Amino acid sequence: MNRRQALAAAGGVATAAALAEAAPAFGAAAAQDADAIVVGGGLAGLVATAELVAAGRKVLLLDQEPEASLGGQAYWSFGGLFLVDSAEQRLMGVKDSYDLAWQDWLGTAGFDRGVDDPAGQDYWAYKWAQAYVQFAAGEKRSWLAGLGVQWFPLVGWAERGGGLADGHGNSVPRFHVTWGTGPAVMEPFEKKVRAGVAAGKVVLKFRYRVDEVVRSGGAVSGVRGTILEPSSAPRGTQSSRVAVGEFDLRAPVVIVTSGGIGANHDLIRRNWPARLGPAPRTMITGVPAHVDGRMLAITAQAGGRIVNPDRMWHYTEGLRNYAPIWPGHGIRILPGPSSMWFDATGRRFSPPDMPGYDTLHTLGSITRTGHDYSWFVATQEIVDKEFALSGSEQNPDLTNKNVWQLLSRIWQTPEPIQRFQKYGADFVVAPNLPELVAGMNRVAGNNLLDAASLKRQIDARDREIDNAYSKDAQVMGIRNALTYPGDQLSRTAGAHKILDVGKGPLVAAKLNILTRKTLGGLQTDLQARVLDAAGAPIPGLYAAGEVAGFGGGGVHGYRSLEGTFLGGCLFSGRQAGRAAAAAL
């Protein structure tokens, strides 16, 4: 007797309220006919479902949010993907390889928790990292291209590192921006899932909140939970939590793809590590409110092991959104290398705390000041050339695949940046430094900044511009960036003095700490099976995406090379779907 027959014999049934919404293909026996239940309709969940359908399996896809939010956080993303030795890199003259990428990954991740011990927190994370970098250097691009995904030809250079060849950071540009941003990454998998619905292979159940992963005889046998009232909440906005019923759904496989903890500030602070300094008192939020980490605890109650909960990824360049979609909605500046970076008291940060170099090191430097914010100081020319905003909705040219709108960035400040400068609470524009500093103090609500002190530091940096060489690490970084055609064309202003009046007014941006990604999570083996405290796979239970630390309970280790979050959802969702389909 296989697991399907065993569950049927056990009489697993769904409530009438749940069955009422089942598609005709499943009919009244939805709970008994389903091969798998996928919990979470984000990117990893869509990919896993698509893989199960491709293998001929029947899937119940559950999500507590309304249908408008299908795709989860991936929809709102910039669409950056980590690829190695790609056609786009070669076009830009970038020489990349698996060996170089693996060197960068290891120097960035810093795996140190039992890599060689099957019981170690990093044992499976390390194996997932190897597999993922091989995927990124191998079939990842061709697989996605075969699904119709395309990329903007100028490859971005994110997380440039801490200054050592074998340390943190990308040695070369690897950040491939998807043509169409996040929605274009999500689209082919949503199409596959909806085709599965039409073929009677998938039932989508929105407003189904899972409260329990059910185990029978040691194996997972389904999920129980609460049916929430229907909601017309637009994508990303907060939906109600009013309960109207309960459900009990059964299947021999459950795949958890529910995301991370980025909207749960209390849980973030509870897991905050001392190495990142004191936990911030104030943060803005980079993900919708439903990204609350509930399923981590629920899956742990079913026996799943959570590892590396103290590893997380939050951004240091957050802006308060003047038109928020979700509570506390923040947007990240994707900076070029030229803005001067000061702490809340007006002290310039030292390397590697420079724009685009080492996110988490800078985060710790900020929190150790005793303040939860910092400042960029730039010229309008720097803003025009170097400032971009993360998020599909902040890049309508790329998202809508509008070539002419994209080309307009050459001669004008992108409209989303213009709007944040005009309406946002965190920008200050002034014709001279004393007025700029006065405005910065006004925005911060204090008098911590002194114009004379800032002028001394800016003058010192500006003197380094007089020669083609410098001892200032940031100035060296600017000149290094200008040797890469992608940066020179689109992401780096020509080296100039901040106090050069010919470069436009001065601009300051107050930078808030922006919550985002969970780097730890449910420990999984390379088949995406969730492991228990003894390191054994729990029969029938799988996990993928952020809830699993993007694979293995922490594929990134301590830090990310960027472009690896969507990619981690793609890879782990694919692994989970294929492994579960093969096991049924």
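Predicted model: local features only at pLDDT ≥ 70, side-chain atom pairs only at ≥ 80, totals over all residues.
Helix α12 spans residues 359-367. How many of its nine residues are buried? Eight, so the helix is mostly covered. The buried set is T359, L360, T362, L363, G364, S365, I366 and T367.

Next, strand β9, residues 253-256. Are its faces covered or open? Both are covered. V253 and I255 are buried on one side. V254 and V256 are buried on the other.

Now the neighbours of β9. Strand β1, residues 36-39, pairs with β9 in the parallel sense, over four bridges. One of the contacts to look at is A36, whose bridge partner in β9 is V253. Strand β21, residues 537-543, also runs parallel to β9, and three bridges join them. There, V256 stands opposite A543.

Last, the surface. Which residues form the nonpolar patch? V403, W404, L407, I410 and W411. Together they have about 650 Å² of accessible area. Take L407, which is found in helix α15, residues 403-407.

To recap: α12 is mostly covered, β9 is covered on both faces, and V403, W404, L407, I410 and W411 form a nonpolar patch on the surface.

Key. Residues numbered from 1 in each chain as written. Heavy atoms only, no water. Buried < 20%, exposed > 50% of the residue type's maximum accessible area, 1.4 Å probe, protein only. Helix = DSSP H or I, 4+ residues; strand = E, 2+ residues; numbered from the N terminus. Pairing = 2+ DSSP bridges. Patch = residues over 30% accessible without salt bridge, like charges linked within 9 Å, V, L, I, M, F, W, Y side chains within 5 Å. Areas by Shrake-Rupley, 256 points an atom, 1.4 Å probe, with all protein chains shown as cover. Salt bridge = Lys/Arg side-chain N within 4 Å of Asp/Glu carboxyl O.
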